[in-house]
Amino acid sequence: MDFYTQLFLYLSILYISLYLLFLVFRKKSSVPNLPPGKKGWPIIGKSLAFVGAAKNGCPEKFINDRTAKYSPDVFRTSLLGEDMAVFCGAAGNKFLFSGQNKYITTWWPTSMKKVTIFPETMEKFNKDDPKKMRSFLPEFLKPEALQCYIPIMDSMTREHMESDWSPYKEVKVFPLTKNYTFALACRLFMNIKDPNVVSKFADPFARIAPGFTSVPINVPGTPFNRAVEGGKVIRQELLNIIRQRKQEISEGKDANARDLLSRLLTEADDDGSVYYEMDVSNKIIGLLIASHDTTSTSITVIVNYLASLPHIYEKVYKEQMEIAKSKAPGELLNWDDIQKMKYSWNVACESMRLTPPAQGSFREAITDFTFAGFTIPKGWKTFWTVYTTHKNPKYFPDPEKFDPSRFEGNGPAPFTYVPFGGGPRMCPGKEYARLEILIFMHNLVTKFKLEKVDRDEKIIYNPSPVPSNGLLIRLQPLNQ
């Protein structure tokens with residue numbers, strides 16, 4: 001082999017080697033810099049670890065372990081069978097709250113849709129539905145309308161205290177607040193007053209929430225199966241009510257009704273067609289879940305702290321008694337009274353900081369985007385959670401201490417206190433929840449002193465915080 005042949009071979013080998021290296025590095029450079037983290041087992045992913053931490057009473061452990069190991073900004077996991085990017089801290093919250101329809105859109109887990117939505121409408125259920133629903137809510141939840149709800153809320157709360165609390169020396173708070181908030185939601189959203197009709201909803205409704213974050217295996221005896229069966233009962237009952245209401249509207253019997261159900265049945269959709277019965281049912285169920293489940297949990301958590309912390313109870317009692325003494329006998333609360341309940345609301349907020357009624361919310365990436373140097377591919381699901389800020393000493397010094405003064409003045413820094421979301425995606429029902437909570441607190445502390453029977457009762461998350469024994473409270477009636 002002569003010199004030129006050897007040179008040609010050497011150059012050819014060098015060229016091929018360099019070309020292969022170029023291809024390898026180009027391929028590596030084209031792979032997106034995904035958030036760090038592990039997906040776990042196929043399909044199941046890390047869902048069992050996520051649910052397990054919640055049921056052990058420490059849902060933040062799942063989040064904190066991974067932010068410490070992978071990234072304090074965003075990490076990758078797999079929940080509910082989906083690739084998931086969990087956004088962390090105030091910056092992560094702000095990014096997701098302000099990125100709606102730009103980077104992300106609303107997404108419901110399959111388990112939630114199978115439980116709450118008619119199978120016949122599953123394909124039609126799209127990402128615009130929540131937007132359509134929100135268009136009805138501003139008028140329904142604006143201050144003028146909310147002021148009209150206060151006397152109804154107050155009178156129903158008084159009746160609830162008289163029938164379900166006053167006759168007893170001890171009560172289990174959680175099941176009572178579930179019944180109370182559900183009855184109130186049925187009255188205000190659908191104008192349903194008959195307790196027998198309400199009870200037809202309440203029993204199966206209690207089976208729904210535990211199935212939302214469970215593994216979607218529809219086998220008898222599983223939480224998901226119980227949720228699916230409960231959803232079927234609720235949808236059928238709602239259909240019966242919707243059809244009856246439509247008949248009343250057509251006969252002119254419901255002409256002056258301004259509840260949300262009547263509006264949904266009379267308002268036209270964007271294309272000029274009237275909402276279908278099943279579509280209306282889907283929306284009402286979603287609203288009941290949002291307004292009832294989290295509010296009943298919030299009230300239970302607040303009662304827990306009032307019964308556990310006498311010095312906090314005394315300050316709330318003093319504020320509420322000043323309002324009560326300004327009222328004539330039998331006079332109901334009004335909007336001005338609510339505005340005076342500043343310390344009581346700070347106590348409610350601190351309760352929801354330490355024990356949030358909901359863990360967070362899911363979204364879906366509608367385009368590739370970058371956050372904190374990591375790429376989130378289109379189609380991935382995202383999750384923001386209260387647990388990266390609510391107990392973070394960076395935002396709340398001495399985070400385990402119950403301190404309502406954190407909410408005085410301007411309160412916490414933006415996007416750090418997020419039980420109702422934040423930014424443009426702030427829960428439209430926040431003011432409704434505030435009224436319901438404060439009116440309940442007023443009626444409770446002006447009638448009873450509270451003592452927690454089991455001071456060591458654990459809180460489990462299923463997915464919302466639930467006292468393991470229903471929160472048994474000993475009541476001491478006050479002299480009015």
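**Close-up views of a predicted model**

View 1. A polar atom of the Ser-351 side chain sits 2.8 Å from the backbone oxygen of Val-347. Ser-351 belongs to helix 15, residues 342-354 (helices are DSSP runs of H or I with at least four residues, numbered from the N terminus). Ser-351 has a relative accessible area of 0% and is buried (buried means under 20% relative accessible area, exposed over 50%, and partly exposed in between, with a 1.4 Å probe and protein chains only). Not counting residues up to four places away in sequence, Ser-351 touches Val-301, Ile-302, Tyr-305 and Phe-402 (contact means heavy atoms within 4.5 Å).

A word on the model before moving on: it is predicted, with local features needing pLDDT of at least 70 and side-chain atom pairs counting only at pLDDT 80 or more, while totals for chains, interfaces and linings use all residues. Residues are numbered from 1 along each chain as its sequence is written, and side-chain values use heavy atoms, leaving out hydrogens and water.

**View 2. Trp-165 in the largest nonpolar core.** This core has 90 residues, and Trp-165 and Leu-450 touch the most other members (a nonpolar core is a set of buried Ala, Val, Leu, Ile, Met, Phe, Trp, Tyr and Cys residues joined through side-chain atoms within 4.5 Å). Helix 12 (residues 277-308) supplies the largest share of this core, 13 residues. Apart from it lies another core, of 32 residues, including Ala-54, Phe-75, Val-86 and Phe-97. Beyond its neighbours within four places in sequence, Trp-165 has contacts that include His-160, Val-171, Phe-440 and Leu-475.

**View 3. Ser-281 in helix 12.** Ser-281 is found in helix 12, and is buried at 0% relative accessibility. Setting aside neighbours within four places in sequence, Ser-281 is in contact with Phe-118, Arg-235, Leu-238 and Ile-242.

**View 4. Leu-184 in helix 8.** Look for Leu-184 in helix 8, residues 173-190, where this leucine is buried with a relative accessible area of 0%. The C-alpha atoms of Leu-184 and His-292 are 8.5 Å apart, although 108 residues separate the two along the chain. Leaving aside neighbours within four places in sequence, Leu-184 meets Met-153, Met-156, Tyr-432 and Glu-436.

View 5. Ile-44 lies in the loop between helix 1 (3-30) and helix 2 (47-55). With a relative accessible area of 34%, Ile-44 is partly exposed.

Conventions. Helix = DSSP H or I, 4+ residues; strand = E, 2+ residues; numbered from the N terminus. Polar contact = N/O pair within 3.5 Å; in protein donor to acceptor, adjacent residues only side chain to side chain.
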